[in-house]
Amino acid sequence: MIMINSTQVSYFTLAAYFDTGVLKYLYFMIMMSLYVFIVCANVLLIVVICMNRSLHEPMYLFLCSLFVNELYGSTGLFPFLLVQILSDIHTVSASFCFLQIYCVHSYGAVEYLNLAVMSYDRYLAICYPLQYNTRMTSNKIAMLIAVTWLYPCFAMVVLLSLTSPLQLCRNIIYKVYCDTHSVVKLGCPSTSEINLYGLIATFSTIFGALLLILYTYMKILKVCFSGSQQTRQKAISTCTPHLASLLNFSFGASFEILQSRFNMSSVPNMLRIFLSLYFLTCPPLFNPVLYGLKMSKIRVICKSLISNVDY
């Protein structure tokens with residue numbers, strides 16, 4: 001097998017696609033409808049939060065950051081997916097493949113860190129209500145949002161700087177989109193250093209965020225059991241959508257990590273495709289609906305906007 005440098009590879013072939021005949025037009029319409037809904041729902045909530053001063057509070061600013069990330073992640077996938085569904089030849093240029101890797105992986109890390117920051121915000125609001133405004137200052141909000149975005153972006157720049165010069169023996173990726181481990185597995189020489197960096201970056205992000213989430217929720221539960229009925233109601237109303245969002249994303253991300261590291265050939269192909277797309281499609285679809293319905297301030301403002309449009 002001839003070894004070629006990755007800079008000479010002009011394209012990758014995505015082998016997970018299969019011929020669906022005329023059904024490809026149905027799949028295209030379904031995915032297009034989902035993408036349009038994701039864009040409209042997330043943009044609506046971003047505009048609502050930005051344009052209403054009553055929502056310029058830490059919790060809603062972190063939510064705004066989450067909705068921006070939903071747009072970012074879905075845009076890194078859906079336009080590419082729509083083109084591939086209609087195409088008869090499922091190839092992607094090497095440069096675009098690496099761009100998609102950057103978008104997909106940084107989206108995942110930002111999502112998880114953002115959810116961790118939101119749990120910390122709820123911890124301060126419920127456990128230290130009288131000191132909340134002095135602890136969660138505007139500078140601290142800006143710093144937390146900046147770290148949430150800059151750390152994954154920097155980590156991905158380092159990862160791609162290690163991955164892009166790899167010498168490759170093949171150019172076939174057995175997925176419907178590009179991801180780091182699929183490209184690394186195509187390398188001819190030992191890729192243990194890149195695999196090690198990928199594992200460290202992945203699990204440091206996951207376990208760092210998870211430790212913060214577990215700590216904050218243990219403290220919140222302690223306050224709920226020892227506090228008043230009003231405290232419990234406040235905790236339930238603000239933590240329920242966050243927990244639902246966290247579990248939803250964690251399910252999809254966990255399968256994607258397992259699929260990239262282990263042989264999942266025993267799982268049916270359609271199920272593998274669906275689950276590999278889950279963490280990129282369901283949170284951007286699920287989160288704006290969940291928070292739009294559960295957060296009373298956002299719900300009231302959205303209702304008034306819709307009623308004004310109807311009028």
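Colleague: How many cavities of 30 Å³ or more does the count give?

Modeller: In this predicted model, the count comes to one cavity of 30 Å³ or more. The space in the largest cavity is about 70 Å³.

Colleague: What makes a space a cavity rather than a pocket?

Modeller: A 1.4 Å probe fits in a cavity but cannot get out, whereas a pocket is an open set.

Colleague: Which residues line the largest cavity, and which elements give two or more of them?

Modeller: The lining consists of M59, F62, L63, M118, D121, R122, T238, H242, Y291 and M295. Helices α2 (58–75), α4 and α9 (229–261) each give two or more residues to this lining. By class, six of the lining residues are nonpolar, two are polar and two are charged.

Colleague: Why are β2 and β5 called paired strands?

Modeller: Pairing requires at least two bridges between two strands. Strand β2 (residues 11–14) and β5 are joined over two bridges in the parallel sense, so they count as a pair. L14 has I173 in β5 as its bridge partner.

Colleague: Which strands stand at the edges of the sheet, and why?

Modeller: The open sheet has three strands in the order β3-β2-β5, with mixed pairing. Strands β3 (91–93) and β5 (172–173) are at the edges because each has a single partner strand, which leaves one side of each without a neighbour in the sheet.

Colleague: How do you know that helix α4 packs on the sheet?

Modeller: Contact means heavy atoms within 4.5 Å, and helix α4 (residues 94–127) touches β2, β3 and β5. The direction of α4 makes about 85° with that of β3.

Technical notes
Residues numbered from 1 in each chain as written. Predicted model: local features only at pLDDT ≥ 70, side-chain atom pairs only at ≥ 80, totals over all residues. Heavy atoms only, no water. Helix = DSSP H or I, 4+ residues; strand = E, 2+ residues; numbered from the N terminus. Axes fitted to C-alpha atoms, helices over the stretch in contact; angles between N-to-C directions. 1 Å grid on protein atoms, 1.4 Å probe; cavity = no way out; pocket = protein on both sides within 12 Å on 5 of 7 lines; lining within 4 Å. Points joined across faces, edges and corners; volume = space filled by probe spheres on them. Nonpolar A, V, L, I, M, F, W, Y, C, P; charged D, E, K, R; others polar.
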